[in-house]
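This briefing sets out selected features of the model shown below.

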Amino acid sequence: MESWLSARLAERLSVCAGIDFPFPNALLRDAFAAVLGDAPERLAAWDVERLPWSVLGALAELLGQPEFADVRRYLSDDPDLETPRAHRFAGRVATLFDRYHAYRPDLCRRWRDGGGRDDGWQPILWNAVRDRLGGDDPAARAERFLERCEAASIDGTGLPPRVFVFGVSMLPPLWVRLLGALARHVPVDLFVPAPSREYWGHVRTVREARRARREAAASGIDPNDLALDDGHPLLAAFGRLGRDFQEALEDETYVDATGDALFETPGDASALRAVQTDLLELRPATKRPADGSIAVHACHSPMRQVEVLHDRLLALFAERPDLEARDVLCMTPDLETFAPLVEAVFGTDRVGQESIPFRIADQRVRRESAVADAFLRIVELAGGRLAATEVFDVLSLPVVSARFGLDAGTLDRVGEWIRGAGVRWGRDAAHRAAERQPETDRNTWRFGLDRLLLGLAMRGDGARTFAGVLPVDDVEGTETAALGGLAAFVEALAERTRELERGPRPLGEWVDEFLRVLELIARDDRNAWEHEAVRDALLALPEEAAAGRFDGKLDLAAARDLLAARVDRAAPGAVFAAGGVTFCEMVPMRSVPHAVVCLLGLDDGVFPRGRPAASFDLVRAAPRAGDRDPRDEDRQLFLEALLAARDRLLILHTGRSVRTNERLPPSVVVSELVEAVGEVETCEHPLQAFSPAAFRADDAARRSFRADLVAGACAIDGEGSDPRPFVAAPLPAREEEDGAGVVSLDALRQTLENP
């Protein structure tokens, strides 16, 4: 949203600079510091990234109490809280406490006053964390902030002169109340995306309406007195979070009733725009004939989805010369699966076609940074068997091989030496014994290096040994430097992994050891910033632990999980809307207006995403209006994507099994959209891109495959003549007995041979 808004402001004002784009949480924290005078470091101690350390420290002191019997049973194999299980549990508890502060401030107040005996161990742990951190908890700090703002006893020092809340479609009710209190002293403008200009707070699904009427009748209220409205089915199905947010804005803030409501009237030029108009006017859904503005494509796999998307975009660019790549936004709930497929399909040059520029946002740091990837892969080797293939894969990374003086030309030779020396796994005999194998050096890295190094001094001819070691005769004297690089790498790796496996230790010692691992990676002017990014992430860990008053120990698995979570966190989205087709995660505040919006991977069971809730989650146990629910949040995202599309909405999903060809349903949100809209362009694509059925159904696929044929034809040496280009002509097809259209080899040859 920041990237898109900055670009729009620059277009309007010629320049966009000097504007701060904080998230609402950061804005309110700064407001707390300005109004209440709290130190920023004390406020940061309650951040959800740092809170697990305080939870772990408090839990270690309370685990023996009777109220923690269930927790003790869950962590029975880790009484010292050193394993990943304990740290993951602390992270889940910290996330819940953060939710309680935002969504259940009354619960926190009750715990603070000594209540909550029926809530089990959570109030005891929460109060212990509060005592460790000192000062007010976020819920208490919010109460004091509201009191100060209500009393009009602030001078505004330290507050921004004006606040714009832009594009936020959902906030906790408490945060809405805090923004309303801030608006008493600072102008606060809310730019809230809304699907309808009419009041739609009473829109309910049929099921919700029945439940409300049934509950009203049970309470002695006339169900006819309820102001419920069926409204548009898509608003009822997808807009619960937005509806609750609208009600919170009206109930919790001091809204200027004279403020302007700015709505774009889509019109009825296409089925997509007509649906948006129906939502805008809050009128019942009207069925319209399919015109391609909303299209659903069923494919056999994620790879086929990307291939079909590529062909459809080619067709759109050919159909509309004014359409640019930056006008296309592609979102998916599973970017980790689709990112490499997008790079494979969109990054392939095709003869006779212009390539489609693209950018992938939200990539993990590990995919963007060769240093971070190599660093994490080396750390992951610790605690394992150090198999020859795994170690060689790490050595083959350019940033590692360059550190030990090896290049791409010598790596093949190094691989031959490793195989010829008989290296299989293990550092040495002691490592094999630790893995409960016979204590012998045979087929270990020590065994292989001894054979290789001895091969420089003497020939064994397959029979002569020295001190029981048979030399490898394959090593030439001119290859001494390469062998030295291999030996140096193996020795350094063995030393580092041996130290990492030494046992639990304080976090500071882990960081020192991880910094030594970083020395195994080459550093130059081009990747120095990557080294510094990893180093900064490592050095921040002890600071976070110290802020949480944690001084315990961690084992290797826990330290490695913690390291990966910090180093491999999402990379900044600086490439969002950077001039090409943008691929990104389907997360809040990403559905900004684009001419074409594409949704990949909307499969049944995948989207809406289900996140299992903890059994001790008190928010889920007693839900209220305004609570964030993963499935409702994804439904809201789908509604926003529908509204963000200006001309086309392309939805792709896995519609058939790649093994059995069995039909698979799309996501339930896609089915609900099709049911509400009526006639929607649907297309079932064959398993393979070169299937003749794909050519008949998809002109873009035919053009794409013809380009591949031309590329292949250019490499054909026909009867001794020089390679020459061929003009792609329509491919004649014949029908087999089973009805499947195929291209005969003779017909294909005739087509390619036509100059």
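Predicted model: local features only at pLDDT ≥ 70, side-chain atom pairs only at ≥ 80, totals over all residues.

**Overall architecture**

- Among contacts between residues at least 6 apart in sequence, 73% join residues that are at least 24 apart.
- Five cavities of 30 Å³ or more are counted in the model.

- Leucine 75 is placed in the loop between α5 (69-74) and α6.
- Its relative accessibility is 2%, below the 20% limit, and leucine 75 therefore counts as buried.
- Leucine 63 is twelve residues from leucine 75 in sequence, and the two C-alpha atoms are 9.5 Å apart in space.

**Packing of helices α6 and α27**

- Two packed helices are described by the angle between their axes and the distance between the axes.
- For helix α6 (residues 84-103) and helix α27 (residues 556-567), the axes come within 8 Å and cross at roughly 40°.
- That angle lies between the 35 degrees below which axes count as roughly parallel and the 65 degrees at which roughly perpendicular begins, so α6 and α27 are oblique to each other.
- On the α6 side the contact involves Pro84, His87 and Arg88, which meet Ala557, Ala558 and Asp561 of α27.
- By class, the residues of this contact between α6 and α27 are three nonpolar, one polar and two charged.

**The largest cavity**

- The volume of the largest cavity is about 70 Å³.
- Its lining consists of Tyr103, Met170, Leu171, Pro172, Pro173, Leu241, Asp244, Phe245, Ala248, Gly626 and Arg628.
- Helix α13 (residues 240-252) supplies the largest share of this lining, with four residues.
- The lining of the largest cavity comprises eight nonpolar residues, one polar residue and two charged residues.

**A buried arginine**

- Arginine 141 is located in helix α9 (residues 138-150).
- Why does arginine 141 count as buried? Its relative accessibility is 3%, and buried means under 20%.
- Beyond its neighbours within four places in sequence, arginine 141 is in contact with Phe32, Leu36, Asp38, Arg42, Leu43, Trp46 and Asp136.

**Backbone features**

- Most residues other than glycine have a negative phi, and most peptide bonds are trans.
- The peptide bond that runs from phenylalanine 607 to proline 608 is cis, and its omega is near 0°.
- Proline 608 belongs to the loop between β9 (594-599) and α28 (618-621).
- Aspartate 362, a residue other than glycine, has a positive phi, near 65°.
- The loop between β5 (358-360) and α17 (365-368) holds aspartate 362, which counts as buried at 14% relative accessibility.
- Asparagine 661 is not a glycine, yet its phi is positive at about 65°.
- Asparagine 661 lies in the loop between β10 (645-654) and α30 (668-677).
- With a relative accessible area of 40%, asparagine 661 is partly exposed, a class that falls between the 20% and 50% limits.

**Further loop residues**

- Arginine 459 is found in the loop between α23 (445-457) and α24 (480-500).
- Proline 471 is twelve residues from arginine 459 in sequence, with a C-alpha to C-alpha distance of 6.5 Å.
- Leaving aside neighbours within four places in sequence, the contacts of arginine 459 are Arg464, Pro471 and Asp473.
- Glutamate 354 occupies the loop between α16 (335-346) and β5.
- Is glutamate 354 buried or exposed? At 72% relative accessibility, glutamate 354 counts as exposed.
- Glutamate 354 and leucine 314 are separated by 40 residues in sequence, and their C-alpha atoms are 8.9 Å apart in space.

Notes:
Residues numbered from 1 in each chain as written. Heavy atoms only, no water. Axes fitted to C-alpha atoms, helices over the stretch in contact; angles between N-to-C directions. Helix = DSSP H or I, 4+ residues; strand = E, 2+ residues; numbered from the N terminus. Parallel < 35°, antiparallel > 145°, perpendicular 65-115°, else oblique. Contact = heavy atoms within 4.5 Å. Nonpolar A, V, L, I, M, F, W, Y, C, P; charged D, E, K, R; others polar. 1 Å grid on protein atoms, 1.4 Å probe; cavity = no way out; pocket = protein on both sides within 12 Å on 5 of 7 lines; lining within 4 Å. Points joined across faces, edges and corners; volume = space filled by probe spheres on them. Buried < 20%, exposed > 50% of the residue type's maximum accessible area, 1.4 Å probe, protein only.
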